[in-house]
Amino acid sequence: MSTKQFSTHLIFFLSSFLFFSVTISNAQDAGAGKTIFMSKCASCHNVLKKGTGPALAGLEERHKWADHKELLAWINNPAAYMAKDPYTQGLKAEYGSMMTAFADVTLQDVDNIVAYVNEAAKPAPAPAAGSGEVVEEGGGNSIFFGVISLLLGVIALILMQVNSNLRKLSDQAEGVKTPAGIPFWRNKTYITLISICLFVFGGYMVAKGAIGLGRQKDYQPVQPIYYSHKVHAGINQINCLYCHGSAEQSKHAAIPSVNTCMNCHKAIQAYEKGPKLFDEEGNEIDGTAEIQKLYEYAGFDPDQPNKWDPSMIKKPIEWVKIHNLPDHVYFSHAQHVNAGKVQCQSCHGAINEMGEVKQVADLSMGWCINCHRESNVQFNYDSTKGNKFYSIYEKFHNDLKAGKMDSIKVKDIGGLECQKCHY
Amino acid sequence: MMKKALILTSMIGLLVVTIGCNEVRRDTGKVYMPDMSYSRALETYSSTEALTQAGIHYNARPVEGTVARGAMGSYPFKNDSAGYARSAVVKNPLDVAAVDMKEAGRIYLINCGICHGTKLDGNGPLWKGGDGPYPAAPRNLVTDPIATTMAEGTMFHSITYGKNLMGGYGSQLSTKQRWEIVAYIKAKQAEAAAPATAAVN
């Protein structure tokens, strides 16, 4: 290393040392910076990800931003700054819009914001070993019971063996002759018993299989993308109707189109903050990879979120339909959701706890009829417009008020008519 | 001997049942009468490939310029910067005083509340003060001057087509519902501003 090189290094080292000591003396407050960042910057900027504007991590290494006065000039009046600055002009071209001016931001604010950004940009400490390794054993109970019954069975066998041996011994000691036993395959009692068992069991299985024809209870197909309702509707509290809005308006609670997914996933590009995901077979699912699958359908480039619009969607996602009714049954979601005020979970079960969706009800006719026998009709008392669908049943309403009836079942208003479902 | 055999068989049976119950059902099973179960007509979600192969043109979209029965007329501006600039002059065609605010609030909570918050404070469950999965802070609709001074028409334009990271809701909400949401937000903004001005005065 030559002396000249050494001196440059030394100068660089000293200047960076000086820079750091200056920043320390400036008393940058990352906490205050976070508050300002969240209220003013976070709508468009993320520290680590591109959004409406660039990611802010490492911003001091870019352009002239190491000088916070330059940064302040840009933030206070972007239009004036950009007029003579090709770098920010390039940013506008890349992101499609110019930054909003924040004239009230001061130099101290900028220092604080940069302090927060630098702090937030540091890689998070690796989680302690062993944490997050909680494996949930779904079918644990049945295995446990299986083992216990196996053990009990073995013990019973041993005890019976001991018992018969003891009897033989005592018989021999007392000199009692035991007649040679008839082998069990020729013993009429056993033959009768076994045939009755077979008949009952076989009959039960045949009847069950026949009733099960065309029914799909517990059907849980593999979907093209591992979409977890537990994460979306459970943890993140997205309303069912956000995606399935047409449940209020049409026969079908429609599967959302790709642009609905992209409403959020334009920005949410990775699965980071939720619990670990597993499919029904117990394999771990990489949530981020599943979001990437969505981008293939959407034709979305995660590096350029602003360039995307719904016309760039390549193809629809072919989700597998789970709840199938036979063609001879008519079912309208709109009717049940609007007029019946039936909650989604009444028929679909605890969807917000399902990783992979499973058909909970068997959707048999008996199941439908049962609900129609028991559900009270939801008359719409409080709206000025009224529930016109039931207006002809005002008589029932008046009877109720007069105390002649205590409730009205669905069957009272034609809920058992064949043509309601079959036509 | 016989008892042993019986116990053995019953145990094997129990094991089979236990294992059988743990399996995930990935198939739809069989149906009794396929011609009554599967529709021959094109139902929602059925593939339209057969139509394409038969040379029938079908793009699943309404004819441009048509309006559904009972629906409001469509919004005239396109999703571009010129449309955004011109949107400011558009006024809410609904009679704002007659808008059912309960219904508007319900649609707001379903579609907007997850990001912009139930109190319109930009702190919905997807953001949660930075702890949620969403990487950008949703706009605070009651205090942020950008939102409070935004023209009705511009707000409608942004809801219809999306703005910045927000997606468009033209496909999820009808024209009427979008105007109802605009009216709801404006009403809430006025509500939030009223005590503030009262305090200043």
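Here is a connected reading that begins with the helix pair and then turns to the chains.

Reply: This is a predicted model, in which local features need pLDDT of at least 70, side-chain atom pairs count only at pLDDT 80 or more, and totals for chains, interfaces and linings use all residues. Residues are numbered from 1 along each chain as its sequence is written, while chains are lettered from A and ligands numbered from 1 in the order in which they are written.

Two packed helices are described by the angle between their axes and the distance between the axes. In chain A, helix α2 (residues 30-41) packs against helix α6 (residues 107-121) at an angle of about 95°, their axes being 7 Å apart (axes are lines fitted to C-alpha atoms, for helices over the stretch in contact, and angles run from 0 to 180 degrees between N-to-C directions; helices are DSSP runs of H or I with at least four residues, numbered from the N terminus). α2(A) and α6(A) are therefore roughly perpendicular to each other, a term for angles of 65 to 115 degrees. Among the residues making this contact are Ile36(A) and Phe37(A) of α2(A), and Ile113(A) and Tyr116(A) of α6(A), where contact means that C-beta atoms, placed from the backbone, lie within 7 Å. The residues of this contact divide into 8 nonpolar, 2 polar and 3 charged (Ala, Val, Leu, Ile, Met, Phe, Trp, Tyr, Cys and Pro count as nonpolar, Asp, Glu, Lys and Arg as charged, and the others, Gly among them, as polar).

Turning to the two chains, 55 residues of chain A are in contact with 44 residues of chain B. On the side of chain A that touches chain B, α7(A) gives the most, with 8 residues, and the residues of that side divide into 23 nonpolar, 24 polar and 8 charged. Chain B itself has 9 helices and 0 strands.

How values were computed
Helix = DSSP H or I, 4+ residues; strand = E, 2+ residues; numbered from the N terminus. Parallel < 35°, antiparallel > 145°, perpendicular 65-115°, else oblique.
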